[in-house]
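Please read them with the coordinates open.

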Amino acid sequence: MLPLEDYLVIDFSQFLSGPSASLRLADMGARVIKIERLGVGDICRTLYTSNLIMNGESSVFHAINRNKESFEVDLKREEDCEMVRELLKKADVMIHNFRPGVMERLGFDYQSVTALNPTLIYGEISGYGNNTEWKNKPGQDLLLQSVTGLTALTGNADSGPVAMGLSIVDMLAGAHLAQGILACLYRKALKNEGGFVQISMMESAYDFQFETITTFMNDGGSLPQRSKKNNANAYLGAPYGIYQTENGYLALAMGSIPQLGNLLGCEKLEDYIEISEAFDKRDEIKTILADHLLSSTTEKWLSILEPVDIWCADVLNWNALIAHEGFKVLKMVQEVEMIDGYKYETTRCPIRIDGELLTSAIGSPKLGQDNEKIIKEFITQHTIANA
């Protein structure tokens with residue numbers, strides 16, 4: 001039995017942040033019912049992040065909404081709103097990620113919902129919180145990366161602001177929401193109390209930078225300086241970075257510069273004996289190292305460095321990664337199937353519980369595919385008669 005079996009989650013959320021939270025709850029056994037707009041559904045169904053269309057819909061929708069049910073409603077109709085209220089009376093958790101004010105207009109704000117179900121755990125994600133002057137701005141990942149300083153940390157010094165290649169703020173906010181909900185579920189099990197979990201993408205992005213922001217605030221307000229070459233962390237000294245080799249790339253973490261020079265046969269590096277030089281002469285050292293590593297293959301450098309426990313790694317693309325035994329042994333890929341028989345491969349939940357992988361063969365839902373089942377199971381005949 002999975003830890004969250006018999007828990008019911010009603011999920012109004014769209015795009016990535018909210019659905020990533022409900023996906024994690026579903027992976028741990030919760031029953032997740034997506035509330036989707038009549039005829040349209042989750043906007044992510046048609047918000048293409050690539051030109052890959054899977055079974056008529058966006059690949060990202062399938063990735064983040066597997067193992068869920070779809071309840072298609074028109075929240076402008078009172079009859080449909082009443083059916084949703086019936087669901088909420090029986091739910092353990094509700095999730096949404098609309099801008100401030102939207103759920104109030106629809107009648108599904110925290111006060112309204114908890115009046116129906118006082119022990120429900122109400123989770124919401126906003127872009128910027130409910131009290132800032134930015135509260136009505138779109139909570140989109142690239143925009144949040146930009147306004148929270150994240151783009152000032154990636155890339156070389158002359159690269160300008162560089163965004164991460166993933167929707168990292170969405171994923172962080174979703175993870176934080178899932179954490180808060182799980183904490184409240186624990187409290188509910190002990191005290192039968194509900195809860196109100198609020199996450200903003202902005203706060204999640206700030207928390208993601210807790211290490212660097214702490215350094216900044218206690219360093220006289222000096223802005224971090226990215227290195228001009230092979231930057232991987234604005235605060236860390238040489239050799240920290242990714243370097244091109246004769247046939248690929250090599251990642252190097254922290255380490256002694258003279259020791260590295262001795263191991264690699266690079267005499268110039270052996271002159272940098274002061275620890276402070278790794279920071280003060282960072283670009284100078286990285287330039288020497290980068291030129292030297294071009295002289296041989298990644299495999300040769302790894303064969304020298306790994307046996308003596310120097311922190312280093314090959315740099316793999318997805319083709320190389322998926323073919324690697326280190327990836328295969330983890331069994332990270334699972335095949336799931338939709339109601340119409342369409343099958344696709346995707347990743348599994350990364351969590352193991354009691355040594356067991358958390359997998360499910362259920363794919364993403366067709367829009368409204370579960371309406372009949374949900375109405376039959378949850379909605380009273382009186383509500384149906386008035387619909």
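1. A convention comes first. Ala, Val, Leu, Ile, Met, Phe, Trp, Tyr, Cys and Pro count as nonpolar. Asp, Glu, Lys and Arg count as charged, and the others, Gly among them, as polar. On that basis, the lining of the largest cavity has 7 nonpolar, 2 polar and no charged residues. Keep in mind that this is a predicted model.

2. Which residues line the largest cavity? They are Pro 239, Leu 252, Ala 253, Met 254, Gly 255, Ser 256, Leu 260, Ile 310 and Trp 311. The space inside the largest cavity is about 40 Å³. The count of cavities of 30 Å³ or more comes to 1.

3. One lining residue deserves a second look. Pro 239 sits in the loop between α9 (210-217) and β9.

4. Next, the division of the chain. Domain 1 covers 8-207 + 332-385, and domain 2 covers 249-314. How many Å separate the centres of domain 1 and domain 2? Taken over C-alpha atoms, the separation is 45 Å.

5. Now the sheet of 3 strands. This open sheet has the order β9-β10-β11, and its pairing is antiparallel. Why is one side of β9 and of β11 left without a neighbour in the sheet? β9 (241-244) and β11 (312-314) stand at the edges with a single partner strand each, so one side of each has no neighbour there. On average, neighbouring strands of this sheet are turned by 25° against each other, direction ignored.

6. Pairing and packing in that sheet. β10 (residues 249-252) and β11 are antiparallel, with 3 bridges between them. Ala 251 has Ala 313 of β11 as its bridge partner. Helix α12 (residues 282-293) packs on the sheet and touches β9 and β10. The direction of α12 makes about 40° with that of β9.

7. Inside the parallel sheet, β2 (residues 31-37) runs parallel to β5, and 5 bridges join them. Glu 36 stands opposite Glu 72 in β5.

8. Asn 192 is not a glycine, yet its phi is positive, at about 55°. Where does Asn 192 lie? Asn 192 is in the loop between α7 (168-191) and β8.

Methods: Residues numbered from 1 in each chain as written. Predicted model: local features only at pLDDT ≥ 70, side-chain atom pairs only at ≥ 80, totals over all residues. Heavy atoms only, no water. Pairing = 2+ DSSP bridges. Helix = DSSP H or I, 4+ residues; strand = E, 2+ residues; numbered from the N terminus. Axes fitted to C-alpha atoms, helices over the stretch in contact; angles between N-to-C directions. Contact = heavy atoms within 4.5 Å. Domains from an automatic or database assignment. 1 Å grid on protein atoms, 1.4 Å probe; cavity = no way out; pocket = protein on both sides within 12 Å on 5 of 7 lines; lining within 4 Å. Points joined across faces, edges and corners; volume = space filled by probe spheres on them.
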